[in-house]
Amino acid sequence: MFRKADEETGDMMHEIEDIEQERLRVARRPSAQDAPPVLCWFDVAPSVPFEAYADRLRSVLDAALGLALTEEFDDTLPEDSVPEWFAAVCEPLSADAPDFARRGRELYALAIQGGPWRLQGWLYEFDPESETRGWAWWDLTHSSDGTARIWVDTWGESFFACDELRWLAYVAGSAEVSGPHLAKVDRWHEALLGDDRS
């Protein structure tokens, strides 16, 4: 079941079942036959080994989606499941924030022309009742040249709210994040063929 845009407003709806499926895709690659007709991707240039980068993305998303499934989002959210490095790089910046995350924070600010995220604000983007998050995680692929692609389901939309995803992509250790790019699902299938983890 894929999330659908509200026909009157264009806002994206995140149903609990959809979030459960999204969390499963964070944990493991989805099957090719489950893919929607189109996907969006972001090209990223990890400045750290790919596996470390992938683990960071997945650990933060797993925590955020876990909160989306268990919390009411009517008060301060618990932060104990959020990786320490991610919490440390959010505003206010902690002295414990690792160098890769600090650099990503700086690069995000340059790319977005905006300030860093507060942890609670970032987590609240995953509130199932909110309609501001315009994407759902699909996959992460890797090529032999060291680049990676973050794939998301946007329900066919090429323009959508995604600064929270850019923030995560940068602070997890990427030197560059470009996109989104919208294409038929065949592009993802092609990326799977070149992904040495497939």
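Mentor: A crossing is called left-handed if the near helix is turned anticlockwise from the far one by less than a right angle, and right-handed if clockwise. In this predicted model, helix 1 passes helix 2 in a left-handed crossing.

Trainee: At what angle do helix 1 and helix 2 pack, and how far apart are their axes?

Mentor: Two packed helices are described by the angle between their axes and the distance between the axes. Here helix 1 (residues 16–27) and helix 2 (residues 50–70) meet at about 160 degrees, and their axes are 10 Å apart. Angles over 145 degrees count as roughly antiparallel, so helix 1 is roughly antiparallel to helix 2. Helix 1 contributes Ile16, Ile19 and Arg23, among others, to the contact, while helix 2 contributes residues including Arg58, Leu61 and Leu65. By class, this contact has eight nonpolar, one polar and six charged residues.

Trainee: Which residues touch the most other members of the largest nonpolar core?

Mentor: In soluble globular proteins, nonpolar side chains tend to be buried together. The largest core in this model has 51 residues, and Trp85, Phe86, Trp122, Trp135, Ile150 and Trp167 touch the most other members. Helix 2 gives the most to this core, with 11 residues. Beyond four places away in sequence, Phe86 touches Val60, Leu119, Trp122, Trp167, Leu168 and Val171. Another core, of 10 residues, lies apart from the largest one and includes Ala35, Leu39, Trp188 and Ala191.

Trainee: Is helix 6 mostly covered or mostly exposed?

Mentor: Helix 6 (residues 163–171) is mostly covered, with eight of its nine residues buried. Among them are Trp167, Leu168 and Val171. Just after helix 6, Gly173 adopts a positive phi of about 125 degrees.

How values were computed. Residues numbered from 1 in each chain as written. Predicted model: local features only at pLDDT ≥ 70, side-chain atom pairs only at ≥ 80, totals over all residues. Heavy atoms only, no water. Axes fitted to C-alpha atoms, helices over the stretch in contact; angles between N-to-C directions. Helix = DSSP H or I, 4+ residues; strand = E, 2+ residues; numbered from the N terminus. Parallel < 35°, antiparallel > 145°, perpendicular 65-115°, else oblique. Contact = heavy atoms within 4.5 Å. Nonpolar A, V, L, I, M, F, W, Y, C, P; charged D, E, K, R; others polar. Core = buried A, V, L, I, M, F, W, Y, C linked by side-chain atoms within 4.5 Å. Buried < 20%, exposed > 50% of the residue type's maximum accessible area, 1.4 Å probe, protein only.
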